Amino acid sequence: MRPTFLAFHTASRALAASQANMDVTGNNIANVNTAGYTRQRVDLNSISSSGYAQKFATPGASVGYGVEVNRISQIRDPFLDARYRDQASDYGRLETILSGLTDLENIFDEASTEGLLYEISKFVNELQTLSQTPAAGDIALITRTAAQKVTQIMNVYAKQVTQVRNQQVFDLSKVVIENEFNTKVKNIADLNAQIRKEQTYGNIPNELMDKRNLLIDELSELANIKVTYHPERISEDLVIERLTISLQDTATGASIGLVDNELYNTLHLNDNGDSVTINIASSFDAPENADITNRFSGGKIRGYLDLINGEGINEFRGTLYYRNSMDIFASNFARVLNDLNTIDPANPKPLFTASDGGPITAENIRISDQWLADPSFITTTLDGADGSDNILRMISAIDSEAVFYKDAADPSSEIMFRGSFDEFMSGLIGEVALDVELYQNYYDTSVNVMSNLFAARESISGVNLDEEGINLMAYQKTYNAAARYFTALDEAVDTIINRMGIVGR
């Protein structure tokens, strides 16, 4: 005969299971607006009455012993997590690139501001005026001032490009790497240690896992990472998870460890002047201070590297490309006009020089000391004292096709462009505008994909108040039914104890 009070244990377990379900549902509702929270559920097991001893028991029908709460688990989809983090890496790269390109576009904005093309046009106009009255000192002075404005706007462009680059280097080094990346991998490793300890003691640290998942999502915007969970046996009866994060290059398949349980590697940036590299301060899985710049294929770090190091030669057009392009423009502009102003090669008459005495660049170009001292230093004619044929040659040289050498002082160097100065600058402005438009389209697409993946992940891991409300009513009815079962059992016991066996008294 079944023990009388065994059913009370079944009823109490039913009450406990229903109470756990209501508690978890209430916790879900309370955290509906908590960033990074993962919806939880109660995992229930039926308690079986079968076993080894059942083979030797008296034959007969038997039922289970009720229900037990096995654990409180999180509802997540690892595949959606991986897809979301991969897309977050692409989103972080595109957002960074678009922001940097927009800064560059604002520098070369000729539509809303009077920029270099406008100043060159004014210089040409003054040369034309000078060609009509080549002996007029006031016109020569105005022409020199127009030329000076051309050099000054080149200086401004070069300095602004350098400022954009320096800002990118600072943001990458101090904000992204030191403040965000290194802090996040350290915090993830610390959470790994806490989660490992809780699991070793038999606890279920869901809230700690939520914090860790939120940090991993944020880390995925910074770099192309891969997250792996490994089962680790602590004892014969206990297996816990071991989380590792690696920098995964999707193109080559190569990876380098970032986090392994409580161990983590940090990054630091080296600025070599013309380019930057990222090195790793390793505590595991990597040579100390190894250069891992080429391991980054996504995330904000890749975006900053493209902006800072991009030279535009079969690669991204970054700040180096636009700085070098402006240097090529300035040096060749000075070369053409200096050559035209010189009658005797043995006695050069430069109109433009470098302020620091070195090769002419966009940042250091200025009018020469001789021209500053004498506005009439410009050679107006090669044929006679009162002619203006050389001024006309200068105007023609500015408006006609020119050869832009990589090294303006060496005509045997690589030819970078053929065309007028106006065409060179118009092409440069067009390039940055097209880059902005292209990456704006990439960015918009990435945002849409991110939104869809976020919605898909939230549909599984997020809290839906309607669904939780329905669950709460269902669990309340289950609780009431279990309580009614208790009442029925109490009435049965009362009958057995107080009403049975009283015949003949």
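The expected span of a helix is 1.5 Å times one less than its number of residues. Helices (H or I, at least four residues) and strands (E, at least two) are DSSP runs, numbered from the N terminus. The model is predicted: local features need pLDDT of at least 70, side-chain atom pairs count only at pLDDT 80 or more, and totals for chains, interfaces and linings use all residues. Residues are numbered from 1 along each chain as its sequence is written, and side-chain values use heavy atoms, with hydrogens and water left out.

Helix H5 covers residues 206-220. Its 15 residues should span 21 Å at 1.5 Å a residue, and the end C-alpha atoms are 21 Å apart, which agrees. Among the buried residues are Leu-208, Met-209, Asp-210 and Arg-212.

Four strands form an open sheet in the order S3-S4-S5-S6, with antiparallel pairing. Strands S3 (225-235) and S6 (263-264) stand at the edges, each with a single partner strand, so one side of each is left without a neighbour in the sheet. Two strands pair if DSSP finds at least two bridges between them. S5 (residues 255-260) and S6 are joined by two bridges. Asp-260 has Leu-263 in S6 as its bridge partner.

The helix pair H2 (residues 78-107) and H10 (residues 421-461) was also examined. Their axes, lines fitted to C-alpha atoms over the stretch in contact (heavy atoms within 4.5 Å), come within 8 Å and cross at roughly 155 degrees. Angles run from 0 to 180 degrees between N-to-C directions. H2 and H10 are therefore roughly antiparallel (over 145 degrees).

How values were computed: Buried means under 20% relative accessible area, exposed over 50%, partly exposed in between (1.4 Å probe, protein chains only). Angles under 35 degrees count as roughly parallel, over 145 as roughly antiparallel, 65 to 115 as roughly perpendicular and the rest as oblique.
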